Each structure stands twice: as C-alpha cells, then as structure tokens.
Amino acid sequence: MTIALVARLLPAVALAASVVAPLVVPNEYYLQVLTQAYIWAIMACGLNVILGFAGQLSLAHAGFFGVGAYTTALLLTKAGVSFWLGLPAAIVLCSAAGYVVGSICLRSQGHYFAIFTLAVGIIFHLVIQKWESLTHGHVGVIGIPGPGSLGPISFESTLARSYLVLACLVATLAVTARLLASPVGRTMLAARDNEALAASVGIDVMATKRMAFTVSAALAGLAGGLYAGFIGFLGPEAASVEVMFNSLLYVIVGGLGSLSGPVTGTLVVYGLSQVLQVLHDYHMVIFGIALVLLIRFMPDGLAGAVAALMGRGR
Amino acid sequence: MELLAQQILNGLVTGSVYSLVALGLTLIYGTMQVPNFAHGHLYMLGAYLAYTLVVMAGANYWVATLLAMIAVGGLGVVLDRLVFRPLRHTLHINSMIAALGVLLFLEAVAQLIWTEEFRHMESPYAGVVSVAGLPFTAHRLILLAAAAVLMGALLVFLTRTLAGAAIRATAQNLDGARLVGIDTDRMAMMTFAISAALAAGAGALVAPISLVYPSMGTLVTLKAFAIVVLGGMGSVPGALVGGYLLALAETLGGTYISATYQDLVAFVVLALVFTVRPAGLFREAP
C-alpha cells in the first residue's frame, strides 16, 4: 500500500473510527468525555476558519461560545423553546454578532486585532457573569433540558446525543471543507498570505476576513449550543479566557489551516488532559511547554508534521 | 470627604500596580514588538516569591521584595533567550501564541507549588497613619512611595544612562539602532529583565494588602494591555499616566456609580477607542 493511498483512505478510516468509538468506550463516563471532545472539536474547527484560513488571531471566540451556550440555555429554560429551535437561534445570533464584531475589529490589524478581540471576549464574559437577572451570574443556568425526540429518534440516551454531536462535527467539517475549496476560501488564504497582493488583484480583503470571522463565530455558537444542551448546566466560565486558550491550543497542536488538524488536535490534547488528570494540575505545565515548543519547532502542528512525512515518503 | 480621600488613595495604589505592569508591557512591546500576554503572571510570581520568603523563610519584607524582583528579572532573561528571541524573525502570530504558552505554564507551576488556595501575608506596616486628620493604612502609603521610587529609577535609567538611551533607540527604530551599532538583542534581553523585575516588584508590594492566587495576573495583564494601547504601544509616559488614570476611574466609578461593572470599564473604553481609531489613539490608521 502506498503512502498516497493511505492518505486518501485516512478520512474514511477516521470517520469510521469516530462512528465506532462511542460504541466501544468502556462506560458512560468515557462516552461523555468523547462527546465533549467532539464539541470542542467543532469549536476548534470554527477558530481554525479565522485563525488558520484567514490568519487573524481572534481572542473573542470563547465569547461567541458563551453567547451560543447561554442563548440556547436561556431559550430552553426561560422561554420553554425546543432545543431544535434554540440551537439554530443561537447560531443565527452568533453569526449576527460575529458579523458586527468582525466588521469593527477587523479594521484593526495584527497585534491590535488580537488585543481588541481579547477585550471584546472579556466584555462578553464579564457581561454574562454580572448580568444576574438574565444569566444568574456565578450560579449559572441549571436543569437545561436536552434535545427532544426528532420524529422516531429519541435523544434520551447519552449514546444518541453523542451521535448527534458527531453528526454536527461531520457537518462542520463538510462545511469548512467546502468553504476551503470554494473561491471564497481561496481568497481567504490569499488574504492571509499577502494582504497587499490579494488587494491588488481585486480581492475585497475586508469582506473576505469578515466572512471568515462570521463563519467561525457561527461555529463557536453551534459548539456552545451543543455544550449547553449536552451538559445540562452552564456557568460563566464557558466564556472565559481559559476556554479561549484551550481552544487555541487544540487548533495549534493539530495544525493551523489544515482541515482535519483542529479535530486531531482536540482529540489528542483533550484526551491527554483527561488522562493526565491523574496528575492533577501538571497537565497545563506540560501543555504550556508543548505550546512553546510546537510554535518554535513545528508551527504547522500535527497535521503539518504528517504532511511533511508523507511528502518525504512519496 | 473621608470616603473620597480613601478611594483616591485606593485608586492611586491600584494605579501604581497597573502602571508598573503596563510600563514593562510597553517597554517589551516597544523594543521587541511582542505583546507579552504572560506579563501579569510575572507579577503573580513576584507576589508569591515575596509571600514565600516572608511567611515561610521569615525574611525581611524589603529583602524579600528585592529577591523576588531579581529572581523574576532573571526569569525574564530566560524567557527572552529560550522563547522569544528564537521567534523574533518569524510570523507575528507565533510570538503571541508562545506568550500564551508561557502564561499557561507559569499559572500551572504556581498552582502546583502553592495550590489554588488564596494566600495572605501580613504587612510589616499593618498600622494606620493619620494624614491631615484622615486615617490611611500605612502599607498603602509605603506602596505608593516604593512604586514611585521604582518608576523614578526607571525614568532616570531610560533618560540618563547610555543603556537606557540604547533601549529607547531600539524601541524607536530597530534598524536604525542596529545601524549605529547597538546590540539590539542585548537591549531586548535587558528590557525583558527590567520589565519582569518591575512586574515582580508590583506583585511583592501589593501582596500584603490583597490576596495572592495563581490567576491573579490575568485581569491585570488585560488591563495593562488596555492602558498600553490607549497610551500608545511602546510609550512610557502613556503607560505611566494611563495606569493611574484607569485605576482612579475604576475606583471612583465603582464607588459612586456601580461596583458591579467596575472591571468592565477598561475593556469598554478600549473597545470604543479601537472602534473609532482602529490603530490606537496615538498612531495614524494605515
């Protein structure tokens, strides 16, 4: 079997493995961990669109995750709306918020953009934390109902919910793959690699980056909504800088700008952090060092390393 | 009247901390173009080292403060050599991400050594002094003076010494500084050491009047960023004045308007400024 053939079969194998995985995990706890990893993978794919495709370090995305999660949670608990309406509402709201925030923040460049978006993310976080009459502040939202039955399919069991999340992850990958292959996706890469050159061949750089920002905010909202529906309770930590930094870690370990990288990165890092929980807080010591080493010696992440290996083998 | 005086003093105390951290941040940004997201974590380490030396080892408070500054200054050199210097000529995004790695690492190390428990240390100056008939906590007044000494020393160093002039030259124009024979790598290392020591000094000074915990640096970093951006990235006077202004606005706003949203002030102002002027207050938009 040649390496090229392996590379072509890899996506199918990965899909098969992720479909089988929920069935073979030893118990409910691991199933929950696996499902949460799928949720974080969606978040990482979203972040990858703005960071990997468009090359903009947005630090506001935990804010969109929080907005998505709280929109879903509050619609379900306070307005009694079904999950199947609450989740799309969260995605729509995050897209709109992403469009507005992107339009404003993207006028700043480089470090200024990173710091601006960081401030926006913190404003989201602090507002969620302090607006007690709406969000219950530190107490958070409890007793969020899960997704109701969809025709004959019931989502009562963790297994069914796990497949629901997986379906969303596959859809996310399909959307980002389509995006990357489309002319819009290619203008994103062009704008990332050389903004002045892209502008000079007639690309509307601002519109392109805004598109990337909106899509990635929508995906963060989707991940947030699933998180709320799956976990059943929600605190302001969902929008915290820790969530932001973790998501960033997933994307960078996996490989910026590659399609499967963020998913691989999430599974590896989130999986490892679960395994390393035995070591208590040591895992962040290791990840902190890993992040520094990765960016220095392997800036393209795991996906980049694999691609380099395959390139050499060919 | 008494409340107002107290709040102004509190504002100046917090302002001293903000300014010391923001000064380091702006110097590092000016000389190396690195937004050091881990800067507040050096402040946190300073607080912990002072706490450990005083409470565990029974050291004199000022000796402990000095040792903490030296140790964290040394760490600054290590960070520059091992993390930031190798990334200096790569993509901007890389050094930002590396700074986030350093942040995660330092916080985890602090959690490991000192646990997540809130720590508190007694000040050697626990009493209350009366100034013009108004009572003030002695340590707060001492903190103000000590911070002023640190800032004064920094300004003298930057304006009156050759090394200081070289650092300013590097910050103003990297290529120009190289052209006239300044070893800019060395200046960057020195800047990192000084900035880290200033942050650690702020941490050690504030430890006796606040709580010490692993994530205490996060919000301070973020506010220092707001200050530095508003005051002009790389600007020393901007960081100095901006730190005091923000802290006074927060304290007075928190007392007389609403304490709930006190922490939001800095970020809302930052967002507004960027909305109106995408490249910050003191730079022309491209």
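pLDDT is the predictor's confidence in each residue, on a scale from 0 to 100. The structure is a predicted model, in which chain A averages a pLDDT of 85, with 94% of its residues scoring at least 70. For chain B the mean pLDDT is 87, and 98% of the residues reach 70 or more. The complex as a whole receives an ipTM of 0.78 and a pTM of 0.83 from the predictor. Chain A has 14 helices and zero strands, whereas chain B comes to eleven helices and two strands.

**Confidence within chain A**

- Helix H4 (residues 83–105) of chain A has the highest confidence in that chain, at a mean of 94.
- The lowest confidence in chain A falls in helix H14 (residues 301–313) of chain A, where the mean is 69.
- Where pLDDT is low, the predicted coordinates should not be read in detail.

**Chain A: overall form**

- Along the sequence, the elements of chain A follow the pattern α-α-α-α-α-α-α-α-α-α-α-α-α-α.
- A compact globule of 314 residues would have a radius of gyration near 20 Å, and the 19 Å of chain A agrees with this.
- The C-alpha trace of chain A spans about 50 × 50 × 45 Å along its principal axes.

**Chain A: packing of H3 against H10**

- Helix H3 (residues 61–77) of chain A packs on helix H10 (residues 205–231) of chain A at an angle of about 45 degrees, and the two axes are 7 Å apart.
- That angle makes H3(A) oblique to H10(A), and the crossing of the pair is right-handed.
- On the side of H3(A), the contact is made by His61(A), Phe64(A), Phe65(A), Gly66(A), Val67(A), Gly68(A), Ala69(A), Thr72(A) and Ala73(A).
- H10(A) contributes residues including Ser216(A), Ala217(A), Ala220(A), Gly221(A), Leu222(A) and Tyr227(A).
- By class, the residues of the contact of H3(A) with H10(A) comprise eleven nonpolar, nine polar and no charged.

**Chain B: overall form**

- Chain B reads along the sequence as α-α-α-α-β-β-α-α-α-α-α-α-α.
- The radius of gyration of chain B is 19 Å, close to the 19 Å that the globule rule gives for 286 residues, so chain B is as compact as a globular protein of that length.
- Along its principal axes, the C-alpha trace of chain B spans about 55 × 45 × 35 Å.

**Chain B: packing of H2 against H3**

- The axes of helix H2 (residues 39–56) of chain B and helix H3 (residues 61–84) of chain B cross at roughly 140 degrees and come within 8 Å.
- H2(B) is therefore oblique to H3(B), and H2(B) passes H3(B) in a right-handed crossing.
- From H2(B), the residues in contact are Leu42(B), Leu45(B), Gly46(B), Leu49(B), Ala50(B), Leu53(B) and Val54(B).
- These residues of H2(B) meet a set in H3(B) that includes Tyr61(B), Ala64(B), Thr65(B), Leu67(B), Met69(B), Val72(B) and Gly76(B).
- The contact of H2(B) with H3(B) divides into 13 nonpolar, three polar and no charged residues.

**Chain B: packing of H1 against H5**

- Helix H1 (residues 2–32) of chain B and helix H5 (residues 138–160) of chain B pack with their axes 10 Å apart, at an angle of about 30 degrees.
- H1(B) and H5(B) are therefore roughly parallel to each other, and their crossing is left-handed.
- H1(B) makes this contact through Leu9(B), Leu12(B), Val13(B), Ser16(B), Ser19(B), Leu20(B) and Leu23(B).
- H5(B) supplies Arg140(B), Leu143(B), Leu144(B), Ala147(B), Leu150(B), Met151(B) and Leu154(B) to the contact.
- The residues of the contact of H1(B) with H5(B) are divided by class into eleven nonpolar, two polar and one charged.

**Interface between chains A and B**

- The contact takes 33 residues from chain A and 38 residues from chain B.
- On the side of chain A that touches chain B, the elements giving two or more residues are helix H5 (110–130), helix H11 (241–254) and helix H13 (282–297) of chain A.
- H5(A) gives the most to that side of chain A, with 13 residues.
- The side of chain A that touches chain B has 25 nonpolar, four polar and four charged residues.

Conventions:
Residues numbered from 1 in each chain as written. Chains lettered and ligands numbered in written order. Predicted model: local features only at pLDDT ≥ 70, side-chain atom pairs only at ≥ 80, totals over all residues. Axes fitted to C-alpha atoms, helices over the stretch in contact; angles between N-to-C directions. Helix = DSSP H or I, 4+ residues; strand = E, 2+ residues; numbered from the N terminus. Parallel < 35°, antiparallel > 145°, perpendicular 65-115°, else oblique. Left-handed = near helix turned anticlockwise from the far one by under 90°. Contact = placed C-beta atoms within 7 Å. Nonpolar A, V, L, I, M, F, W, Y, C, P; charged D, E, K, R; others polar. Rg over C-alpha atoms; globule rule 2.2 N^0.38 Å.
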